[in-house]
Amino acid sequence: MDPAEAEFLAEQELVTIIPNFSMDRIYLIGGDLGPFNPGLPVDVPLWLAINLKQRQKCRLIPPEWMDVEKLEQIRDQERKEDTFTPMPSPFYMELTKLLLNYAVDNIPKADEIRTLVKDTWDTRIAKLRLSADSFVRQQEAHARLDNLTLMEINTTGAFLTQALDHMYKLRTNLQPGESAQSQDF
Amino acid sequence: MGEAYTPVETGLGTEESFLSLADILMSQERLPCRAEIKLPRLATVLGKAATASASSDNALPEGSKLEIPLWLAKGLYDNKRRILSVELPKIYKESWRTVLSADANVVDLHKLGPYYYGFGSQLLNFDSPENTELAQTILQTFIGRFRRIMDSSQNAFNEDTSVLVARLDELERALFQAGQKGLNDFQCWEKGQASQITASSLIQNYKKRKFSDLDS
């Protein structure tokens, strides 16, 4: 899976916009949107919000968690705990990137937010590497990674599963009897 | 173009996979053996001792030392009819096993391998008394080197990785590439390059071929 595909899924997330046009309710396959009234907040999927923003038809309201104080708290919490802490959004990385790329004028303290999210990401990836190492060292066969987001799983997923696949095969070499039996049938 | 091309992967068990090119290359590696019986008409092919054997039927005498490819050794080996006895290559012997268990990271597996894991797994077919220790060492070597492969593949971005890769065995190199791909894809996406449309490598290669046609 590409990061672009993860981004595609992230674009389904709802964000709040303030449109500057009026339009009736629209009926889309994935749900109904609108009605749109100038100056009144309305929830739309991110892909539509970005499209409207590019056509200068709306103003984006940043999500509640995209705030310097809250992100600082999240980062500190992440550094304190050994396991992964819950993230404010399952697509926090994608949302940050898209919102800061296309609607940077609607987000206060955009640079600080970018740095904080990047710090959180780096902390989590370092933690992921650490836990992957101890996972391999103890030769575990399963693990629970509840609060990892799709993008994080995606960047190391292929590597990790391939390594564990090799490890599994090397480990089953230790029990030669079983494979020999299955050959008889 | 890489996505539509899925080569057959290596077996890495005690059985290699039949159509895997990597496994075919791996099984070409030589294995030290000793002939337990006389092998008629094979001295010119197999033995360097061919000149010494002046016998009439050009036979390879019993007890001669051979260096034959793994696939041939596997084909001739049978624990009932003793045609061959197989010796472990030196890197799978006790002395090197001790070195690997001390610190697997310092060993140059490319120079010693380059198919350390695959070849080692295949060696388990020869019912050596040291099989358990051998399999254990191979597994522990992989586990010991895992962290370094992961860290170097996930951190080295836009760098010349040849120094890092030089000491990895073929299996580890594939793993390193997988890690690099994940990192590179993410970095491209973060910089916004993923949304740019680029020419397919197929087209680029096609153009190159045209130029080379003009030259000739």
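**Terms and their grounds**

Modeller: Along its sequence, chain B runs α-β-α-β-α-β-α-α-α-α-α-α-α. This is a predicted model, and chain B has 10 helices and 3 strands.

Biologist: What share of the residues in chain B is buried?

Modeller: Of the 216 residues in chain B, 40% are buried. The chain exposes about 12700 Å², of which carbon and sulfur atoms supply 55%.

Biologist: Why is Pro62(A) called partly exposed?

Modeller: The relative accessibility of Pro62(A) is 24%. Buried means under 20% and exposed means over 50%, so Pro62(A), at 24%, counts as partly exposed.

Biologist: Where is Pro62(A) placed, and which residues does Pro62(A) touch?

Modeller: Pro62(A) lies in the loop between β5 (58-61) and α3 (68-80) of chain A. Not counting residues up to four places away in sequence, Pro62(A) touches Asn106(A), Ile107(A) and Pro108(A).

Biologist: What makes Asp111(A) count as exposed?

Modeller: Asp111(A), in helix α5 of chain A, has a relative accessible area of 60%. The term exposed requires over 50%; therefore Asp111(A) is exposed.

Biologist: Which residues form the negative surface patch?

Modeller: The negative patch is formed by Asp67(A), Glu69(A), Glu72(A), Asp111(A) and Glu112(A). Helices α3 and α5 (110-137) of chain A each supply at least two of its residues.

Terms used:
Residues numbered from 1 in each chain as written. Chains lettered and ligands numbered in written order. Predicted model: local features only at pLDDT ≥ 70, side-chain atom pairs only at ≥ 80, totals over all residues. Heavy atoms only, no water. Helix = DSSP H or I, 4+ residues; strand = E, 2+ residues; numbered from the N terminus. Buried < 20%, exposed > 50% of the residue type's maximum accessible area, 1.4 Å probe, protein only. Contact = heavy atoms within 4.5 Å. Patch = residues over 30% accessible without salt bridge, like charges linked within 9 Å, V, L, I, M, F, W, Y side chains within 5 Å. Areas by Shrake-Rupley, 256 points an atom, 1.4 Å probe, with all protein chains shown as cover. Salt bridge = Lys/Arg side-chain N within 4 Å of Asp/Glu carboxyl O. Lys, Arg positive; Asp, Glu negative; His and termini not counted. Charge placed at Lys NZ, Arg CZ, Asp CG, Glu CD.
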